[in-house]
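Please open the structure in a viewer and keep the selection tool at hand.

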4 protein chains.
Amino acid sequence: MIVVMEEGAGEALVQQVIDRMVEMEFTVHRSTGLVHTVLGGVGPEERIDPQEFEVMEGVKEAHRIMSPYKLASRHFRPGGTVVKVREVEIGGEEMVLMAGPCSVESKEQIRRCAEVVAEAGGKVIRGGAFKPRSSPYSFQGLGEEGLQMMREAADAHGLLVISEVMDSSQIPLMMRYSDLLQVGARNMQNFNLLRELSKIRKPILLKRGIAATIEELLLSAEYVLSGGNYEVILCERGIRTFESYTRNTMDLSAIPVVHKLSHLPIVADPSHGTGRRDQVIPMARAAVAAGADGLLVEMHPDPDHARSDGAQSLRPEQLIELSRQLKMIAPAVGRKM
Amino acid sequence: MIVVMEEGAGEALVQQVIDRMVEMEFTVHRSTGLVHTVLGGVGPEERIDPQEFEVMEGVKEAHRIMSPYKLASRHFRPGGTVVKVREVEIGGEEMVLMAGPCSVESKEQIRRCAEVVAEAGGKVIRGGAFKPRSSPYSFQGLGEEGLQMMREAADAHGLLVISEVMDSSQIPLMMRYSDLLQVGARNMQNFNLLRELSKIRKPILLKRGIAATIEELLLSAEYVLSGGNYEVILCERGIRTFESYTRNTMDLSAIPVVHKLSHLPIVADPSHGTGRRDQVIPMARAAVAAGADGLLVEMHPDPDHARSDGAQSLRPEQLIELSRQLKMIAPAVGRKM
Amino acid sequence: MIVVMEEGAGEALVQQVIDRMVEMEFTVHRSTGLVHTVLGGVGPEERIDPQEFEVMEGVKEAHRIMSPYKLASRHFRPGGTVVKVREVEIGGEEMVLMAGPCSVESKEQIRRCAEVVAEAGGKVIRGGAFKPRSSPYSFQGLGEEGLQMMREAADAHGLLVISEVMDSSQIPLMMRYSDLLQVGARNMQNFNLLRELSKIRKPILLKRGIAATIEELLLSAEYVLSGGNYEVILCERGIRTFESYTRNTMDLSAIPVVHKLSHLPIVADPSHGTGRRDQVIPMARAAVAAGADGLLVEMHPDPDHARSDGAQSLRPEQLIELSRQLKMIAPAVGRKM
Amino acid sequence: MIVVMEEGAGEALVQQVIDRMVEMEFTVHRSTGLVHTVLGGVGPEERIDPQEFEVMEGVKEAHRIMSPYKLASRHFRPGGTVVKVREVEIGGEEMVLMAGPCSVESKEQIRRCAEVVAEAGGKVIRGGAFKPRSSPYSFQGLGEEGLQMMREAADAHGLLVISEVMDSSQIPLMMRYSDLLQVGARNMQNFNLLRELSKIRKPILLKRGIAATIEELLLSAEYVLSGGNYEVILCERGIRTFESYTRNTMDLSAIPVVHKLSHLPIVADPSHGTGRRDQVIPMARAAVAAGADGLLVEMHPDPDHARSDGAQSLRPEQLIELSRQLKMIAPAVGRKM
């Protein structure tokens, strides 16, 4: 912790801060400059909010110098993490395509999706069984029946399954049907849920909240890692800004930043990131060019009649075409697909 | 629903949109202008996302004309809602002060808080028993023991109790000890939790998420109202913006806006809204001047040794002084305190 | 400047940073911790961007410890600045009301405005002669003729005049007619203009840009102060956020923050801050309760026929009523009006 | 213009709105629904702010249905605009690389830059002669001398020159030395400057302001186009959001959005968009993959000793490597480089 005193802060104020630091179990180094006195503290930084010092009289500002996350930091595993599920490696040389409908709606629908995903070279099928909807009057998902349908469709094409878990109570069900468990953007800071997920042994795909900083995303990953589940994949899916033409603003720079700060793989979701089918393809390409370890894309055999998120779902032929383009881009970033 | 076609969109494209609207059970009115054709649709707007139309060929833009919320709208109860708990009315003539520590830490601490809150003219004591913390290494609350301590302290001074419920499983416990149940900003869109709270018969104080629009806040209230719990109090506690000097930016204009759009009372939380003790007092005054129905303020007998949020907690004498100032401001907005 | 090295950064990397700091004329103090090495540098901080260090290999982060502004800081004049124009003091005990139309439109209009402003206890009349409009097809102002009309109207009621200067070339004209020169939000970082204004001897009211941090606002003030014009008044008028119900989000916490960081007075403009007449009154009250040194409010004798900004202009009777309320609130913050 | 009346708004209120619309020269179509009355108006929409109606009693909301810009809209020139300067086409099949230092510092520096830009396949050299700096104490540029140096260096390698014009008074100078004139993000709404630039006959590269919506960017382009200068190139360079790890958040989705809404070419500036050298390369690749018509990149022969923006400038070998990668990506979006 570094505490910078205000210009002209007298000895009594400096001493007061030192006393408080010592009381909090910091070892304090003082350096007195011409203008500012600076106090450096070695101690339990992860538990102390720098604002505790900033509201003290005579203090100009305080900075944490150790990252509040440890297990999620690049330093913990410099070589990077590769999450492996059966034959599929996320974070390795291959850029992994995951696609499927927003919600599982019927046997026929999900079967057709699996067929298209496999044809496009995808390795994972996605689909929601429980839908968090901002209006209480919207379609809420098929539940377990939907998971069964998706599992069958996936198995028929050798695909993995990923689905969103909205609540701790859904974990056992998900463990039965799903290979990867997705935590939605709205649950990124549902710490009870994260703690429960830290105890299981299946990979977690953790989506960034629309108002979460990259540091907060890594702190949420830390919750899962610190409980013993080391298989965490992060996901950029757009943040909320003043621009309203797109539903969210995809922050693609989060991809190189996460690769610098952390060893965890990061994928991108251009469907939620933009909210509009006509922008999904360019932003999917851009994410791969920025270095994403994978893509999570919504696709529907008949988006005009989708029960949710139709506006942002690709048509089957669009997914095939996207895949063709991605295969050209991947080598430019030293990857294959 | 209003769908505006692009300049020059041909008859075939217009017909395609009309067909889709009819299929969705809208009754369609067409008006052909010099430049734009406009389609007005009466139908199940609350279930349809305008973007479904915006991605169709030839469509310039689409607007929902009915509010996606109904029970939360001012039109539903033009006279406004007053939430009454024992003698205390929130949304009535009196501006209600609620204060207390971030976390209940000990019997002594919470007793002293109750004493100060009562002295300041407060009617409700607040305090957390289960703490959502962004770091897994921070203090997580005393649980039921904390609730018991707070109940006793409140009863000794004739105060009501408000505490945060983080998960459906905590509802029964909260029902025993707490008069009002608070839903935190991170849970504003935890729809499972909202649905459970819609079934109980105690008032809910629903905090605005840091990235939530006012419309989304009202939609979340709708979840609770639509299940039959009509006692909802909204709370503005700051939104996330680019300004980093304060932890959040309090959006005080949300107060008059909510009063215009909805019949529900709205209170302000300047402690989380600013994150710094030195700004809590001016922003608390400002919230009352803007017309807030109440205030939720963090106060601690010894903030320097608080186990959480010390930097934003008022000292006892600061709460007393704030109360004195508020009593001068309330009459300017036609209220008393 | 404080530079924190990454965990495990070797001696060669540390030395490279030290060499670079010395080359930039910093005196360097090194403190080697268990985990991190921290380098403190005393030197020309105001000219060096901390990111220069952050992109160096082995560096975790860098922080500036001296404020990049000096003359604008509270430390420079702890007692605070009072800008005095004739009998009017801004930043003193009195909360100063400034009001008037968006644009001067006619002799009759501006006369009526002056009458109402005086009746409401206002001390300054505002009005635009040159209008920056985001569409090239909108009304652009009456120019010098408008200034003349406003000057006459003001003199008839003993009011001061404030008007916006959009370009250096308009300064001589403004010097003739206006008592205070306003710099609009879009020009807050028009450094050429600021430099020219630093050479004149009339007070400048500097509006915060919609995407400007408080620190950037103070840096822009520094441009004016550093050229020798010490009479600068700051103005909070809303920042751009994701909330779209209001045109901007007023950041009222900027008022106490500026009072803490700087000696300059700060006023609030709730008309541009909200963009809607029905929110101007509550936000004006809130600004005064938060401690604003004055208010800048749009008012029009007939807002329905205003040539610009009618939607956010108060009607005359609304200004009178607002003034009545403000007189009740001012004493709660130790002020009069 | 579409005006939606509130549920239950009576006949008198509806009539009042109709009268106001007629007075503003709208032709009004009324459609009375079960719940809402909707008024459609054909008339001078570009001059009327929808909020004029929204503040009227009984009005729920108002929407503009015609774009406020005309000449900048895709509809005006569906085939798209190609800006041609000598042999270089921006907006055509080729993705155009523009690179160079933040500021021209010396003959030697700019010569070396030109050499590297040419080697990397770039067509345009960039460099600032007048620098807008947020601190008055920073380096402000070499002025005309810098422009001369850059012109010579460019000519030696057959490159075009682009430089920023900060003020109308600099236009004649720029016309002499520069092939394209850049308007910086801070000047995007400097309407006086835009109007002057609309009268010249050289292409304008207009940068998006950090708080500007895409619509506002197009409106600013409209200022230039409406004065008769049809050669406008837009530039995405990052918007301001809550994320603070990067200086700005690049909104790459603006690229496909601009291509949909407008016929103007759009390039990306990943240097200002990220502020950090280590993110420039991934974001440059991503911009091309998203469909950008060109790139504007900062490069310096010795970034550690650059007089401005060193932290975001690429080293020469990094520009060469970037160019190699871009040549692989361009064909995936149907372009060459």
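Begin with helix H8 of chain A, residues 254-261, in this predicted model. Helix H8 lies across strands S12 and S13 of chain A, and its direction is at about 170° to that of S13(A).

To inspect one pairing, display Leu234(A), whose bridge partner in S13(A) is Ile266(A).

Now widen the selection to S7-S8-S9-S10-S11-S12-S13-S14 of chain A. These 8 strands form a closed barrel with parallel pairing. From one strand to the next, the twist averages 25°.

Then show chain C together with chain A. How many residues of chain A are in contact with chain C? There are 21, and they meet 22 residues of chain C. On the chain A side, select strands S1 (2-5), S2 (27-32) and S3 (37-42), each of which supplies at least two residues. The largest share, 3 residues, comes from S3(A). Colouring this side of chain A by residue class gives 9 nonpolar, 10 polar and 2 charged residues.

Finally, consider how the two chains are related. A rotation of 180°, with 0.0 Å of shift along its axis, superposes chain A on chain C with an RMSD of 0.0 Å. The two copies are therefore related as by a two-fold rotation axis. The same surface serves both copies, since 100% of the contact residues of chain A recur in chain C. To locate the axis, select Phe242(A): its C-alpha, at 2.1 Å, comes closest to the axis among the residues of chain A.

Note on methods. Residues are numbered from 1 along each chain as its sequence is written. Chains are lettered from A and ligands numbered from 1 in the order in which they are written. This is a predicted model: local features need pLDDT of at least 70, side-chain atom pairs count only at pLDDT 80 or more; totals for chains, interfaces and linings use all residues. Two strands pair if DSSP finds at least two bridges between them. Helices (H or I, at least four residues) and strands (E, at least two) are DSSP runs, numbered from the N terminus. Axes are lines fitted to C-alpha atoms, for helices over the stretch in contact, and angles run from 0 to 180 degrees between N-to-C directions. Two residues are in contact if their C-beta atoms, placed from the backbone, lie within 7 Å. Ala, Val, Leu, Ile, Met, Phe, Trp, Tyr, Cys and Pro count as nonpolar, Asp, Glu, Lys and Arg as charged, and the others, Gly among them, as polar. Copies are superposed by least squares on the C-alpha atoms of residues with pLDDT of at least 70 in both.
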